2 protein chains.
Amino acid sequence: MSSAENFDRAALEQLVTKRFFYAPSFQIYGGVAGLYDYGPTGCALLNNIISVWRNHFVLEEEMLEVDTSIMTTHDVLKTSGHVDKFADYMCKDLKNGEIFRADHVVEAVLEARLQGDKEARAAKAGKTAEQIAAEAAEDASKVDKKKKKKKGVVVAVELADDVRKAYEETLAQIDNYNGEELAAIMKKFDIRSPESGNELSEPKEFNLMFESSIGPTGHLKGYLRPETAQGQFLNFKKLLEFNNDKMPFASAQVGRSFRNEISPRSGLLRVREFTMAEIEHYVDPENKQHPKFVDVKDVVLTLLPKDVQLGGKTETVDMTIGEAVEKKIVDNETLGYFMARIYLFLEKIGIKRDRLRFRQHMDNEMAHYACDCWDAEIKTSYGWIECVGCADRSAYDLTVHSKRTGEKLVVREQLPEPRTVELWQVEINKKTFGPKFKKDAKAVEETLNSLSEDKYAQLAKELETAGVGSIEVNGQTFEVTKDHITVKRGTVTEHVREYTPNVIEPSFGIGRILYSLLEHSWWVREDDEARNVLSFPSVVAPFKCCVLPLSGNAVFEPFVRKFSRELRQAGISTRTDDSKASIGRRYARNDELGIPYAITIDFDTVKDNTVTLRERDSTKQIRDTFENILKILRDA
Amino acid sequence: MSSAENFDRAALEQLVTKRFFYAPSFQIYGGVAGLYDYGPTGCALLNNIISVWRNHFVLEEEMLEVDTSIMTTHDVLKTSGHVDKFADYMCKDLKNGEIFRADHVVEAVLEARLQGDKEARAAKAGKTAEQIAAEAAEDASKVDKKKKKKKGVVVAVELADDVRKAYEETLAQIDNYNGEELAAIMKKFDIRSPESGNELSEPKEFNLMFESSIGPTGHLKGYLRPETAQGQFLNFKKLLEFNNDKMPFASAQVGRSFRNEISPRSGLLRVREFTMAEIEHYVDPENKQHPKFVDVKDVVLTLLPKDVQLGGKTETVDMTIGEAVEKKIVDNETLGYFMARIYLFLEKIGIKRDRLRFRQHMDNEMAHYACDCWDAEIKTSYGWIECVGCADRSAYDLTVHSKRTGEKLVVREQLPEPRTVELWQVEINKKTFGPKFKKDAKAVEETLNSLSEDKYAQLAKELETAGVGSIEVNGQTFEVTKDHITVKRGTVTEHVREYTPNVIEPSFGIGRILYSLLEHSWWVREDDEARNVLSFPSVVAPFKCCVLPLSGNAVFEPFVRKFSRELRQAGISTRTDDSKASIGRRYARNDELGIPYAITIDFDTVKDNTVTLRERDSTKQIRDTFENILKILRDA
């Protein structure tokens, strides 16, 4: 296999195009950045990856798979936080209007300056142009970035040591900055357009959702969903009921999501429309143990924790997931269980373990809903790519939707025996309360009865010390005094425990996984013709077997039909290649399509029903009756 | 099974909700018309229908499946005709602003008036209210409409005979009217809002595509695709190449499409977002025979040809597809082949043949791109529903995209031997041509060299009779005379034949099929509790087997785990139901989920490894070892 170190991406891209794995959408119209079509090979690969995923996760764990709407109303995504927070920062070339993603442009410019510094120092040290180029290539392959952005123009200018250090520290934390910080960095380092050298506008938020309007009135705003998760959360109550109220359980969904990227590049890695597979595992916040954790605790994962990154470093550590959870590097068993299961899934479909790591998110980098997050990152020629996010979304989504709609999204758990608990309680003095709050009395009372324990404690303290406390009701602040209410500890007997479950969410970007798999599967056979091979595992190969008649002679036709039919009936997907090319050329084509087996029909077949079976990676061939070969393939 | 005649739709809807087959999207936010989420049962049913479809069509015929973008640029859909023509007519209540689909409102009002007429006549004839109601119910069940619209208010007023006849003729052709015709009808019959009685605006076109904007500039307009077909046509050249330039072949796609319906009703039958499965079969326009037609020619289909409908009737005829093609009722073998294959597919998944017919489109009803079209319509409690369209789109799409982009979308076929053909040829008199047309000379010459044979014949005739002919170049008309050109017949030797293939398109609305299947599969067991059963065939049932431990006793747990795992490994999807309900109640739940088999684990299982297998429809039970039961299920 080609390693990432000396990767000839142009050659792979040529293969991808030639064998129509994917291509820009509307290519005959010139295409649009960030939109791709999968051809027959890519589509079969995609479907097979999804099929393995469904078996590995949904069927194995009896998850509740749903299929919800892509078009989503404004209200839902306002509540979930996406309308306000699902944005990137963009800045505009003040002269020609070209638009850039702010963090990408900072990264491109600083990387170019550092590269220029390196070249200037090397030149001073008297190195040759070739040496410099070789070192630069080596450096580039080492860059630990999730994605490599379009490079700025490299000019050989030496930098002061403190400047260089400042650039390096900025780059190590590039995913960690908000808009204001990016603006400050752009000002401080005089970041200009890497294309034109013109000044850039201040970074401005750009919401990444595609907007549309539902129905003929034009008044009902909708967005294309940015993730499949919300459709799952909104159905939580129905799903829990479907699961006979048993916890923990998971829902799952495979489907298209959309992000209106500012300036998509990097092929399949940053696109505007993509297939996701997401799991929402609902768990008791007081007990995030997982019954099957024991099955995976010895799986060794490569980890990159957040404190290492905050120190500006990228050194990983290999550790069993059991140890990582025990040491609290990974927060809890359920999160750890899914990280291990994600690893096993990726390994099954052909991702190489030495090019796979789990990176923990830094605090500012985390999505607005997450409280801990580990990305499965896969190394490609673009650097380390986030392919699976595994986030603990806590109770965020269920809580906000419940609050907004008034629908209770909770689990009610019958306690094995009643328990008495000490809780804060509020007593309302009806005589003074009503007259004081008048028309607001009901709303204030409701709020007073549903505060968090912390808030009660605070209120009790305020009343005790100042005799007056404040609460917020629907955005308005009210003052309550000791005359209106009493807040004190009291004992309650509970038969049922009610709680909002936390959500552990493994979220898979199928297109990114597919692209990474192409890189990890591709190698070049070192024979006289240096031929491409894509060594997909059988489970995901676009077709499992190719059927090749020796020539266009009509005598082979009934065999092609019969064998193809029997292979299909045995669940082995086939492709017939009865083109006029030589067998050798057709084998080569097979290898490029990543088909693990080929069956050749020749004149002996007509006589004695034997065929030749060829294996893709070894090119080894055996001869046997079709029936025996079929048995081999069925078990392969 | 319940027949459509006495169908209790409310009871089925209750079951659909209770077992979460589907539900309105964002229901806790109040929902939005025309958007639905599939729950675990509906999603599994959907996935299984798609899986059977893929096996029956894509794998069986080695179709080239693709997966293309949903977000589509304006240019593509402008060329395809959707920007200009993919519209319905809407009209607005002039007082309260309520919006209706024009054809639906005409239909609702006229049907209500006819019903009023019937009641008035019956009353005059002295019938009782009960008799009238019974007859009305019977009539309603007979209404041969694709969809039943919201009824207007029925007032018992007798109509003159000629008025009644005019209403009936209008209704029989309701799908056949354009906007002007609808406006005329609304005026003539004084159609007002059936809700408020207010006047309505003139019908106005409303484009049914959801519009959005791609990228941060706001200048690149995009639409959500209204069909998956365009993505296939745009890739035609790549697909033909992938198929080693062999014809005929088909591409296929399963995916989401969108229509921003004016006023969606009827549950899953008229929605704004839906899963389609579409096949584009590319065929030589001079030879629409199909090599496998012989395999299906004896399949008997129920047909409703267009001339019958234009006569205001709905009588069908049963006929083999062989005879239908021979008699030219169905235009050609390829269209007929797919109609038969569609029938076999629908039968396989459980659609009843006596509630399935193929209806030919009338001329005005046809989509703008089609030249012949047969819909597979399934009878439900909403009337006859179009579930699969099978259209001959001719060379429409490839031609317009080719013309717009300049990309050749043609097949080049090496002729077995060169042939001489007589064609019209143009000779240009350079001396006079250039000076006459000046800067337009090149464009005019190009057009003259690429006219159709018919146009050459016409031009030759014009030149011969009048000495002058006219041609259109980029929308401008030019006159040419005998001085400029000579048009005459000449002989040409061809080695290659070049043609734009025609497209036969079977297009499946998966949601509609799923809903129809629910109706066809549902019945009520006439035992003491009158329990619901959904008799899905095994191939599409949401789960194939349910595993039921007798009780929550821990001794059963290892058996549940082991059996479930082995069932899954054998490819049998399972659901564990270890809730506390009695076995009887859990069997009943099973029947409502449509699970064909249930395995019960009891204390004997612990002793001797035997289990009880129960079959859903017969409720028959047998007892055997788990291993033997597994064998039975594997073959079922």
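**Figure 1. The loop between α10 (236-242) and β10 (249-258) of chain B, where B:Pro248 is placed.** The model shown is predicted, and its local features need pLDDT of at least 70, side-chain atom pairs count only at pLDDT 80 or more, and totals for chains, interfaces and linings use all residues. Residues are numbered from 1 along each chain as its sequence is written, chains are lettered from A and ligands numbered from 1 in the order in which they are written, and side-chain values use heavy atoms, with hydrogens and water left out. Helices (H or I, at least four residues) and strands (E, at least two) are DSSP runs, numbered from the N terminus. B:Met247 and B:Pro248 are joined by a cis peptide bond with omega about -10°. B:Asn244 is in the loop between α10 and β10 of chain B, and B:Asn244, although not a glycine, has a positive phi of about 55°. Most residues other than glycine have a negative phi, and most peptide bonds are trans.

**Figure 2. The loop between α10 (236-242) and β10 of chain A, which holds A:Pro248.** The peptide bond from A:Met247 to A:Pro248 is cis, and its omega is near -15°. A:Asp245 is placed in the loop between α10 and β10 of chain A. The phi of A:Asp245 is near 60°, a positive value in a residue other than glycine.

**Figure 3. Salt bridges between chain B and chain A, six by count.** A salt bridge is a side-chain nitrogen of Lys or Arg within 4 Å of a carboxyl oxygen of Asp or Glu. Over all chains, the count by this rule comes to 97 salt bridges. In the pair of B:Asp67 and A:Arg256, the closest N and O atoms are 2.5 Å apart. B:Asp67 lies in the loop between β3 (64-65) and β4 (71-73) of chain B and A:Arg256 in strand β10 (residues 249-258) of chain A, so this pair joins two chains. A salt bridge is also formed by the side chains of A:Arg568 and B:Glu60, at 3.7 Å from N to O. Side chains of opposite charge can pair when their charged atoms come close.

**Figure 4. The contact between chain B and chain A, with 80 residues from chain B and 80 residues from chain A.** Contact means heavy atoms within 4.5 Å. The area buried between the two chains is about 6700 Å², and carbon and sulfur atoms give 59% of that area. Within chain B, the residues that lose the most area to chain A are B:Ile28, B:Tyr29 and B:Phe242, together 12% of what that side buries. Buried area is the accessible area (1.4 Å probe) that two parts lose on being put together, summed over both. Between chain B and chain A, 41 residue pairs are in polar contact, both residues being at pLDDT 80 or more. A polar contact is a pair of N or O atoms within 3.5 Å; within protein, one must be able to donate a hydrogen and the other to accept it, and residues adjacent in sequence count only if both atoms are side-chain atoms. Helix α2 (residues 40-59) of chain B gives seven residues, the largest share of the side of chain B that touches chain A.

**Figure 5. Chain B laid on chain A, with an RMSD of 0.4 Å.** The superposition takes a turn of 179° and a shift of 0.1 Å along the axis. The two copies are thus related as by a two-fold rotation axis. In chain B, the C-alpha of B:Ser212 is nearest the axis, 2.5 Å from it. Copies are superposed by least squares on the C-alpha atoms of residues with pLDDT of at least 70 in both.
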